[in-house]
Amino acid sequence: MSRPRIVIVGAGFAGFHAARTLSRMSRNRADITVLNPTDYFLYVPLLPQVAAGVLEPRRVAVSLSAGLPGVRLVLGEAGRVDLDARTVHFTGPEGDPGTLGYDRLVLAVGSVNKLLPVPGVAEHAHGFRGLPEALYLRDHVTRQMELAAAEDDPALRAARRTFVVVGAGYTGTEVAAHGKMYTDAQAHERPPHHGTRPRWLLLDIAERVLPELDERLSRTADRALRDRGVEVRMGTSVQEATHEGVLLTDGGFVPTRTLVWCVGVRPDPLVESTGQDLERGRIVVDPYLQVPGRPEVFACGDAAAVPDAHHPGSVTPMTAQHAWRHGRIAAINVAASLGACARRPYRHRDLGFVVDLGGARAAANPLGVPLSGLPAAAVTRGYHLAAMPGNRVRVAADWLLGGVLPRQAVQLGLVRSWSVPLDTASPELARVGGGPGGRGGGTGKDSRDSRDSKGGKGGEGGRDGESVTEIIDNTEKAQLAGAEPAPHTPAPHTPAPARAPETDPRSGRTGPGTRTKRPPEVGREPVPNRSARRHGPRGPDPGTAAHHEHHPAPGPVKRADIPAEGDS
């Protein structure tokens, strides 16, 4: 008898723990395959510390090969699931198509940034769901501080030192708290001109910070943010985003070059391609995490609408705590469907929440006991170390070193603005290839920095795109020359035609050394349309961001088609 084939799509909290549990239960009696775009499990709750220079990026990335022994890893992005043929179609990292057949399927594709119909947000804001976005934000904030230190214009200097975070949930609150500490440390090294210090704003249309938590935790976080100097503006959000700043719903205008979008998440668009019933954008499952009518298909994590046993009539929220436990129960029920054990319904009661506010500040309520200050910080970091499936010693070492050594505020320049668009179905991947001048569109000014560029998508490291190594080499060469390059697409391998002598339009002279100047740009070019790996909903999701239902979505989203893991 052949061994059953189990395919798990996605390796976030749900997918990783489903694969690990199945690996332990199967004892090599089943072929377990994980399909994921990256070769690591990302511990998303610590991403704000990566962006603020507290942790190095690899600390929050746990190797799938090392963490999932006995599990086959296939690198690729799932594009379509054929439930009738029992196949998953995907695209590999070099653009090659592939197909995986299965006897049992676990959909754990996670979530992506939620985009609301706010003019200019898709062009000028960046999300915070993946490692590339955290790396970009770290570089971008560092660059703005450095440019501000050398700026003579007081208005532009203040704009560069102003950072706006939209969404006061877990992610937005932690990004603002850690970001303020990061920029304050840089300002200490580079004294501000005329008292201009870094300014951080945290906006949300909700009435209080962390609206999904207990009011005591909310007050603790609010007090910590204000004590640190963050401007907390509740009942206020962004009405329009422009290159010069953001227009607020209260009528005020904030000049800034940084807009971080943390208003919530929506399920990965792949779930729509299954053709199954959806609830608020999430695939409907029963208490055993099986898809009705499809006993061989299971779904878990942010992509699944799992009934909440403690709140009849509702589904579990999109949090890492639930996704982790979804994965474990899904694995048990997959094994039960193969006759290995008895199946089990999903039941979980929250044991508390933790929010890291940087330094010795945190808010936590373990077992319902509200904590703040140093005790909360100790509980928070202890929880993260216990929850991480690997890299614990390295994370603890970074925390210890961070307490005695200054942070390294340097730009690496490896992630460009155009490679981490807000509206993407794959926030875990940075777009590589094509760039501003790629085959997906023309060039345009960067919406956050006058030296960055945005544009269409080329290949993902394939023939039509530029490899990561080439991008890095190109960046290093240009930095040595004092300029920042725009990524390019290599020309086809054909003999170059003879070049005609260039003519100087002013003098009329011709010759090999004559250079024609390009006319100056007038205003900003429109952002070009981009080809999509797969498309999400054309409008705002009707209610998928369980964290942020308080953000209204009055109309359809207007966005460019952009190629292609909830809060903890």
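Leu 367 sits in the loop between β25 (362–364) and β26 (371–372). Helices (H or I, at least four residues) and strands (E, at least two) are DSSP runs, numbered from the N terminus. Leu 367 is exposed, with a relative accessible area of 73%. Exposed means over 50% relative accessible area, buried under 20%, and partly exposed in between (1.4 Å probe, protein chains only). Together with Leu 351 and Val 369, Leu 367 makes a nonpolar surface patch of about 330 Å². Patches are made of residues with over 30% relative accessible area and no salt bridge; nonpolar side chains (Val, Leu, Ile, Met, Phe, Trp, Tyr) are joined within 5 Å, like charges within 9 Å.

This is a predicted model, in which local features need pLDDT of at least 70 and side-chain atom pairs count only at pLDDT 80 or more, while totals for chains, interfaces and linings use all residues. Residues are numbered from 1 along each chain as its sequence is written, and side-chain values use heavy atoms, without hydrogens and water.

**Overall picture**

The protein has twelve helices and 28 strands. Of its 568 residues, 54% are buried. The protein exposes about 24,600 Å², and carbon and sulfur atoms supply 53% of that area. Accessible areas come from the Shrake-Rupley method with a 1.4 Å probe; for residues, only the protein chains shown count as cover.

Mean pLDDT is 80, and 75% of the residues reach 70 or more. pLDDT is the predictor's confidence in each residue, from 0 to 100. Over residues 436–568 pLDDT stays under 50. For that stretch the model has 294 contacts beyond four places in sequence. Contact means heavy atoms within 4.5 Å.

Thr 380 lies in helix α10. At 0% relative accessibility, Thr 380 counts as buried. Beyond its neighbours within four places in sequence, Thr 380 is in contact with Val 354, Val 355, Asp 356, Ala 362, Ala 363 and Ala 364.

Ala 376 is also in helix α10. Its relative accessibility is 0%, so Ala 376 counts as buried. Leaving out residues up to four places away in sequence, Ala 376 touches Ala 362, Ala 363, Ala 364 and Leu 371.

**Salt bridges**

The count comes to 17 salt bridges. A salt bridge is a side-chain nitrogen of Lys or Arg within 4 Å of a carboxyl oxygen of Asp or Glu.

| Pair | N to O distance |
|---|---|
| Arg 5 and Asp 103 | 3.4 Å |
| Asp 84 and Arg 294 | 2.8 Å |
| Asp 356 and Arg 381 | 3.5 Å |

Take Arg 5 and Asp 103, which meet in a salt bridge. Arg 5 lies in strand β1 (residues 5–9) and Asp 103 in the loop between β8 (97–101) and β9 (104–107), so the pair ties together parts that are 98 residues apart in sequence. Arg 5 is partly exposed at 38% relative accessible area. Asp 103 is partly exposed too, at 22%.

The side chains of Asp 84 and Arg 294 form another bridge. Asp 84 is in the loop between β6 (77–82) and β7 (87–91), and Arg 294 in strand β22 (residues 294–299), so this pair ties together parts that are 210 residues apart in sequence. Asp 84 is exposed, with a relative accessible area of 65%.

Asp 356 and Arg 381 also meet in a salt bridge. This pair links distant parts of the chain: Asp 356 is in strand β24 (residues 354–356) and Arg 381 in helix α10 (residues 373–387), 25 residues apart. Asp 356 is buried, with a relative accessible area of 3%.

Elsewhere, Arg 199, Glu 231 and Arg 233 are linked in a network of salt bridges.

**Aromatic pairs**

The structure holds five aromatic pairs. Rings of Phe, Tyr and Trp (its six-membered ring) pair if their centres lie within 6.5 Å; planes under 30 degrees apart count as stacked, over 60 as edge-to-face and the rest as tilted. Tyr 170 and Phe 353 form a tilted pair, 6.2 Å centre to centre with 40° between the planes. Tyr 170 is buried at 3% relative accessible area, whereas Phe 353 is partly exposed at 22%. Phe 13, Phe 16, Phe 41 and Tyr 43 form one aromatic cluster.
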